Number of protein chains: 2
Amino acid sequence: MKNQTYRMTMLFDFYGELLTDRQKEFFDLYYNEDLSLGEIAENAGISRQGVRDVIVRAEAAMQEVEDKTGIIKRFEAQRPHLDAIASAADELKTINYRQYEDARLTELADLITAETSALKD
Amino acid sequence: MKNQTYRMTMLFDFYGELLTDRQKEFFDLYYNEDLSLGEIAENAGISRQGVRDVIVRAEAAMQEVEDKTGIIKRFEAQRPHLDAIASAADELKTINYRQYEDARLTELADLITAETSALKD
């Protein structure tokens with residue numbers, strides 16, 4: 001299951017709070033803390049298959065919400081716009097550095113870069 | 001209920017697809033199409049109170065998801081960053097217009113403005 005860690009981490013980041021405590025705990029241990037199914041099972045005193053079932057159901061619940069709402073897709077659609085803004089700010093800085101050396105232009109371009117980074121997190 | 005139309009529209013925009021068809025229909029007619037409870041009731045052949053109950057339950061369901069996930073809050077937290085980027089781009093354009101008249105700087109600032117607007121929608 002761990003070959004889909006990025007997708008799982010996104011689902012958990014957006015929809016993790018919709019899960020039950022148990023689903024949340026196992027999902028977090030497995031994908032974020034990188035424990036194995038066996039380790040989680042041993043700690044929880046249940047079977048490896050039991051742990052797997054909880055995690056699979058958690059994933060299905062979150063994926064269902066995403067399939068209906070498309071919210072993660074919407075967030076990810078912002079990325080190319082943010083990249084375009086960041087690279088325009090870089091080019092502004094380069095032009096200013098080479099030709100004008102205007103301190104306020106530098107400040108403004110730096111501000112755009114910083115705000116864009118904040119939006120990417 | 002209609003004094004909360006902005007909040008309701010946001011909830012519906014993000015989470016409307018999590019509602020049942022009937023919830024979705026009534027909610028949409030009431031908040032987006034601006035029909036009255038009485039008009040919806042008459043069209044649907046049920047009581048005004050019945051319509052109200054469906055809409056109240058729909059709102060509660062969506063608000064619960066938002067209270068848990070905070071996704072709308074997260075989207076709205078982007079706005080000040082986007083506003084800061086847009087106003088930096090405006091100031092860049094003004095400085096360039098007054099002092100440098102550099103066509104490429106104008107293009108880059110315009111691109112930042114356009115990308116920022118796209119992200120605000």
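**Exercise 1.** Determine which surface the copies use to meet.

*Solution.* This is a predicted model, in which local features need pLDDT of at least 70 and side-chain atom pairs count only at pLDDT 80 or more, while totals for chains, interfaces and linings use all residues. Residues are numbered from 1 along each chain as its sequence is written, and chains are lettered from A and ligands numbered from 1 in the order in which they are written. Two residues are in contact if their C-beta atoms, placed from the backbone, lie within 7 Å. Of the interface residues of chain A, 100% are also interface residues in chain B, so the copies meet through the same surface.

**Exercise 2.** State how many residues each chain gives to the contact, and describe the side of chain A.

*Solution.* Chain A contributes 27 residues and chain B 27 residues. On chain A, helices H1 (5-15), H4 (48-69), H6 (79-100) and H7 (103-120) each supply at least two residues of the side that touches chain B; helices are DSSP runs of H or I with at least four residues, numbered from the N terminus. The largest share of this side, nine residues, comes from H7(A).

**Exercise 3.** Find the relation between chain A and chain B.

**Exercise 4.** Locate B:Ala61 and name its contacts beyond four places in sequence.

*Solution.* B:Ala61 lies in helix H4 (residues 48-69) of chain B. Leaving aside neighbours within four places in sequence, B:Ala61 is in contact with B:Leu18 and B:Leu19.

Conventions. Copies are superposed by least squares on the C-alpha atoms of residues with pLDDT of at least 70 in both.
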